[in-house]
Amino acid sequence: MIYISDKDIKQMDLNWSENINIIEESVKCMKEDEYSQPVKPYLRYRNLKNRIIAMPAFIGGNINRSGIKWISSFPDNINNGKPRAHCVVILNDADTGEPVGILNSSAISSIRTASVSGFVLKQYLSRRRRDNITLGIVGFGPIGQYHLSMCAHILAETCNKVLLHDIKGVDVDKIPREIKDKVEIVDSWEKAYNSSDVFITCTVSSDRYINKQPKPGSLHLNVSLRDYKAETFHWFKEAMTVDDWDEVCRENTDIQQFYLEQGLRQEGVRSILDWLDVDWISSLSESQAIMFNPMGMAIFDIAMSQHYCIKAQHNNSCLILD
């Protein structure tokens with residue numbers, strides 16, 4: 001069995017093409033029903049805004065791994081100089097159940113999250129390819145930083161402007177060198193939102209604030225899931241997509257609020273499987289904005305962790321425990 005630390009993960013090359021391909025391969029396994037993924041339980045106690053989530057899964061195909069991700073989110077940690085999230089993944093041999101790897105890294109969760117967004121963005125661009133894209137990101141903590149790194153790769157030839165906003169300020173040292181000259185730090189979410197062709201929420205907001213009409217034809221990657229007010233639903237209702245309905249329509253997400261207040265139902269959304277065959281995008285009006293809402297799927301964490309285990313073994317950047 002091998003052990004990989006957060007430091008090990010962060011020292012490895014961030015090959016976004018490889019990472020996004022891992023997500024695509026996993027989605028194809030879903031389509032073939034080569035996976036198992038129970039709805040994840042949330043452990044809460046004392047301060048109920050804190051949570052620890054268990055995410056067991058099996059993913060087949062060429063990945064062929066089972067395992068569990070155990071991830072905590074304690075928002076007040078940042079006031080004490082500690083990371084908000086901590087994450088451990090245990091991988092098992094899918095055929096014998098034997099433990100084969102332990103990853104102690106919040107980075108692997110961030111990489112998975114940005115790679116899922118990258119898969120959707122790549123598929124979106126295959127049907128709405130355009131130049132001079134304006135990218136907007138609200139929230140520039142670790143998740144926002146990984147998303148900007150991913151977008152710098154995917155949009156390298158087509159992005160002409162990046163608008164960043166964070167209510168706590170943007171650390172310019174975290175902006176990738178290759179895209180730095182395109183970045184403008186703005187003082188409100190509206191300035192990022194109003195003109196963005198691709199808009200990404202990466203906040204830890206406890207109060208919804210987005211209440212404006214999106215730019216026509218734009219893609220909204222609603223990563224933080226609690227930023228859009230319910231009245232925005234009618235601008236997205238013809239192109240509302242999720243990773244998994246049963247996962248995302250709960251825990252006070254925007255999808256749950258659309259369900260409770262605006263009449264959204266499962267039959268009215270597209271799942272991540274639909275992003276494999278995106279002809280439905282071509283059937284939409286060019287002015288129709290699209291929203292993707294990812295709760296986070298355990299199969300993607302298991303697949304990405306397996307991918308990084310292979311990389312670590314090739315690079316001799318892991319500890320052999322037996």
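A salt bridge here is a side-chain nitrogen of Lys or Arg within 4 Å of a carboxyl oxygen of Asp or Glu. Keep that in mind as you click through this predicted model, where the count comes to 14 salt bridges.

Start by selecting E18 and K311. Their closest N and O atoms are 3.7 Å apart, so the pair qualifies under the 4 Å limit. Colour by accessibility and you will find E18 partly exposed at 33%, while K311 is buried at 13%.

Stay on helix α2 and pick E24 and K28. These two also form a salt bridge, with closest N and O atoms 3.7 Å apart. Being 4 residues apart, E24 and K28 are separated by about one helical turn. E24 is buried at 18% relative accessible area, and K28 is partly exposed at 44%.

Select L43, Y45 and W70 to see a nonpolar patch of about 290 Å². Y45 belongs to the loop between β3 (42–43) and β4 (51–59), and its relative accessibility of 37% makes it partly exposed.

Finish at the second largest pocket, about 170 Å³ in volume. Which residues lie nearest its centre? Select D243, D244, W245, Q266 and S271 to see them, out of 13 lining residues. By class, the lining holds 6 nonpolar, 2 polar and 5 charged residues.

How values were computed. Residues are numbered from 1 along each chain as its sequence is written. This is a predicted model: local features need pLDDT of at least 70, side-chain atom pairs count only at pLDDT 80 or more; totals for chains, interfaces and linings use all residues. Side-chain values use heavy atoms; hydrogens and water are left out. Patches are made of residues with over 30% relative accessible area and no salt bridge: like charges are joined within 9 Å, nonpolar side chains (Val, Leu, Ile, Met, Phe, Trp, Tyr) within 5 Å. Accessible areas come from the Shrake-Rupley method with a 1.4 Å probe; for residues, only the protein chains shown count as cover. Helices (H or I, at least four residues) and strands (E, at least two) are DSSP runs, numbered from the N terminus. Buried means under 20% relative accessible area, exposed over 50%, partly exposed in between (1.4 Å probe, protein chains only). On a 1 Å grid over the protein atoms alone, a cavity is a set of points where a 1.4 Å probe fits but cannot get out, and a pocket is an open set with protein on both sides within 12 Å along at least five of seven lines; lining residues have an atom within 4 Å of a point. Grid points are joined across faces, edges and corners, and a volume is the space filled by probe spheres set on the points. Ala, Val, Leu, Ile, Met, Phe, Trp, Tyr, Cys and Pro count as nonpolar, Asp, Glu, Lys and Arg as charged, and the others, Gly among them, as polar.
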